[in-house]
Amino acid sequence: MIDLKQMLEAVPEMLTVTELPAPELFPDTVLYGIRYKSDDCEVTGYAAFPKSFETPLPAIVYNRGGNREFGFLRPEGVCRFAKHGYVVLGSQYRGNQGGTGHEEFGGADVNDVIKLIDIALELPITVKSGVYMIGHSRGGMMTYLSCARDARIRAAVVGAGIADSFMMYEDREQSMKDVYHELVGGGPEEKHDAFVARSATHWPEKIIPPLLICQGTDDWRVNPRQSKTLHERMVAAGKECELILYDGADHSLQGTTFVPDAVQWLKKHPLV
């Protein structure tokens, strides 16, 4: 019997590991709270495992939406994928939920996501040829950024993800504009290069792995044209990319087949 807590604690970047009760909806999973080192920051998050499994297991890095304490990662976010037979690691990003440092909404905090790839591949029970990545909303932006940097991501899924920060700033109310001013340092005029860097629609050719984009047609937080535009530009760049539109779905993607669609996409691209 593998001692999962001891296994996590043995990872060099890991600072603390705390066993937690699994959510009632996912009794067939095992959950841990984690605190790990990323650059000079301490970052909190979760690690989830299926309760019963045969090794090796494929790993998923899951990227939460929101910013700061809004939309923080909950156990259900990782456990809903762990139940399908995956090791799932998720981050709150630096500066949040007891972590140190300052969130940059797609800046240096992308390192917190990349570090989870390192951790996933250091675990003795995982497949070593690469990992998967899934992100929702702002976590979609983090996924796009990671997929342009790290070839160890072998397939990715984004749900209602921010694909164009210029569109995001233009479409949304003042409170969302404030997020960019507070975390990025300004709007698109003052921080043009930073907005380009946070807009996958401007660099589709850089995205490495096969990508599935899932989008609700009635999403008011992330305008569907962001996902549609990225999909068009990915295809034009010769990249493997599919788009699923959920008719009438809002930003949450609740009531859709997002999770089974995501799992099917990952299974279509096995880690070998």
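The largest pocket of this predicted model has a volume of about 890 Å³. A pocket is an open set of points on a 1 Å grid over the protein atoms alone, with protein on both sides within 12 Å along at least five of seven lines. Lining residues have an atom within 4 Å of a point. Grid points are joined across faces, edges and corners, and a volume is the space filled by probe spheres set on the points. The largest pocket is lined by 35 residues, and Y62, G65, G71, H136 and S252 are the closest to its centre. Two or more lining residues come from each of α2 (75–82), α6 (174–184) and α9 (258–268). Helices (H or I, at least four residues) and strands (E, at least two) are DSSP runs, numbered from the N terminus. By class, this lining holds 14 nonpolar, twelve polar and nine charged residues. Ala, Val, Leu, Ile, Met, Phe, Trp, Tyr, Cys and Pro count as nonpolar; Asp, Glu, Lys and Arg count as charged; the others, Gly among them, count as polar.

The second largest pocket has a volume of about 160 Å³. Its lining includes M1, E19, V30 and F53. Here α1 (4–9) and β2 (29–38) each give two or more residues. Six lining residues are nonpolar, one is polar and four are charged.

Residues are numbered from 1 along each chain as its sequence is written. Local features need pLDDT of at least 70, side-chain atom pairs count only at pLDDT 80 or more, totals for chains, interfaces and linings use all residues, and side-chain values use heavy atoms, with hydrogens and water left out.

Nine strands form an open sheet with mixed pairing, in the order β1-β2-β3-β5-β4-β6-β7-β8-β9. Two strands pair if DSSP finds at least two bridges between them. At the edges stand β1 (14–20) and β9 (241–246); each has a single partner strand, so one side of each lacks a neighbour in the sheet. On average, neighbouring strands are turned by 20° against each other, direction ignored. Strands β2 and β3 (residues 41–50) run antiparallel and are joined by ten bridges. L31 has A48 in β3 as its bridge partner.

Helix α3 (residues 110–122) lies across β1, β2, β3, β4 (59–63), β5 (87–91), β6 (131–136) and β7 (153–159). It runs at about 120° to β2. Axes are lines fitted to C-alpha atoms, for helices over the stretch in contact (heavy atoms within 4.5 Å). Angles run from 0 to 180 degrees between N-to-C directions.

Eight aromatic pairs were counted. Rings of Phe, Tyr and Trp (its six-membered ring) pair if their centres lie within 6.5 Å; planes under 30 degrees apart count as stacked, over 60 as edge-to-face and the rest as tilted. Y62 and F81 form a tilted pair, 6.0 Å centre to centre with 35° between the planes. Y62 is in strand β4 and F81 in helix α2, 19 residues apart.

Two loops carry backbone features. T55 and P56 are joined by a cis peptide bond, with omega about 0°. P56 lies in the loop between β3 and β4. D39, in the loop between β2 and β3, has a phi near 55°, a positive value in a residue other than glycine.

Definitions and conventions
On a 1 Å grid over the protein atoms alone, a cavity is a set of points where a 1.4 Å probe fits but cannot get out, and a pocket is an open set with protein on both sides within 12 Å along at least five of seven lines; lining residues have an atom within 4 Å of a point.
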